Amino acid sequence: MDNDFQGYRGKALEILKQYNSRVWGQVEIESTRGQFRGVVLPRAETHDENHLVLKFETGYNIGVDVRTITFMKEVGYSKANYKIPEKEFPYSKGKPNVKLLGTGGTIASRLDYRTGAVIPAFSPGELYGAVPELADICNITTDKLFAVFSENMGPAQYIELAKAIGREIENGIDGIIIGHGTDTLSHTAAALTFMVQNSPVPIVLVGSQRSSDRPSSDAALNLMHASYTAGHSDIAEVMVCMFGPTSDEYGFLHRGTRVRKMHSSYRSTFRTIGDTPLATVSMKDGVKPIKTDYNKRRSDRKVTILPYFEEKVAIVYYYPNMMPDMIDSLVDNGYKGIIIAGTGLGHVNKPLYPAIERATAKGVHIFMCVQTLWGFAHMFVYDTGRDLMAKGIIPGENMLPETAYIKLGWVLGQTNDPEEVKRMMLTPINDEITLREPYNGYLIYQGGVPEVEAFIKDHHK
């Protein structure tokens, strides 16, 4: 009997029993908030006792407050099978061979409604069952390196990924996909850009903002775009492949050092900052480069793997009235490098000056980036910047703060010599520092502005 009420308790369980309704039953509900019709879904066991979860015919889920329900009737019942279908992947000699390395991202997945957990599809058979179009693009094999949420990705995983990529390239793979959670996807992309240099094949990081059970999921299309890029693209770099516009017209390929997640839930969350994306990708038009200067695919198996990282590196986001003990505590705990995301052109307040002097005197390497994200650290313009440089802070040019943090960890994993650290940090590997920002590298549309509204009306129906 408990299977009829999976996860429900308290008031919600009482209302189901009162109206003889079950989990997986199709119900009609009358409430003080309106009328609803949908399938009662299992409830995550840790959630509250005041809501029923319904799935509409459209595929969307809502929560109905049981305290508003005046009548409910079960009008049908069909228990859903949320097991991911598995079919043998149809390999073809004429298609490129692509390896998917798994880190725990949910690029093709289902939702376990009992616990609220997302269960990923990962084997070639599961991927083919979930996204059969993949078989028309390439031959896919998979290797699950680890299964962690993206917030738990770190230096140990970066290093293992870099080494695995080196092995796959040596073994002759035509392209590599890395399935990854979106929250820290850009950090891993930056790390792999520094750790895997001069790759002869595309290395594509991909994720999804919305799980596969949702009609608006970006999972399948992102995976198709990433597979096409890995198998067929001429761009042999570390890239992030995600939605371009909010629609499904095409995806963007972003360079791993200049990309950032910019919205918590939009599918088009990833943006290239201070530059343009590398390319667009679609199943209709393939990969269409936007930039012309990129590392091109080669037939050799040569790649440089530099899997180093010093974990005692921190990033500090400056805010007004920051106290010097913020810097002192890092130094006291043995940190070897600090990235400061400063205001304006790269500034912090004067009370931090003594702490900064103490830090640099002890050999801590401090670099300044700008929290504006767009633009350069120009610390020679105002007295504040000049004072900070005199105390040992080095401007980080237009590196994104997160990219600078990753690069400093990578650099300090190889050397602690001040001059060599400075040289390596300020020598671009792949556009983490650029000579200038292009005129169209800074575009932020603001709703309500007449010309922007006209553009939206003309281009987004």
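This note sets out several points on the fold and local geometry of a predicted model.

1. The sheet. Eight strands form an open sheet with mixed pairing, in the order β9-β6-β10-β12-β13-β14-β17-β18. Its edges are β9 (139–144) and β18 (286–289), each of which pairs on one side only. From one strand to the next, the twist averages 25 degrees.

2. A strand pair within the sheet. Strands β13 (residues 238–243) and β14 (residues 251–255) run antiparallel and are joined by five bridges. Within this pair, M242 stands opposite F252 in β14.

3. Helix α5. This helix covers residues 219–232, and its 14 residues should span 20 Å at 1.5 Å a residue; the end C-alpha atoms are 20 Å apart, which agrees. Helix α5 is mostly covered, with ten of its 14 residues buried. Among the buried residues are A219, N222, L223, M224 and H225.

4. Backbone angles. Most residues other than glycine have a negative phi. N20 is not a glycine, yet has a positive phi of about 50 degrees. N20 is placed in the loop between α1 (10–18) and β1 (25–31). With a relative accessible area of 65%, N20 is exposed, because exposed means over 50%.

5. A further positive phi. N321, also not a glycine, has a positive phi of about 70 degrees. The loop between β20 (313–317) and α6 (325–332) holds N321. N321 counts as exposed, at 55% relative accessibility.

Technical notes
Residues numbered from 1 in each chain as written. Predicted model: local features only at pLDDT ≥ 70, side-chain atom pairs only at ≥ 80, totals over all residues. Heavy atoms only, no water. Pairing = 2+ DSSP bridges. Helix = DSSP H or I, 4+ residues; strand = E, 2+ residues; numbered from the N terminus. Axes fitted to C-alpha atoms, helices over the stretch in contact; angles between N-to-C directions. Expected span 1.5 Å × (residues − 1). Buried < 20%, exposed > 50% of the residue type's maximum accessible area, 1.4 Å probe, protein only.
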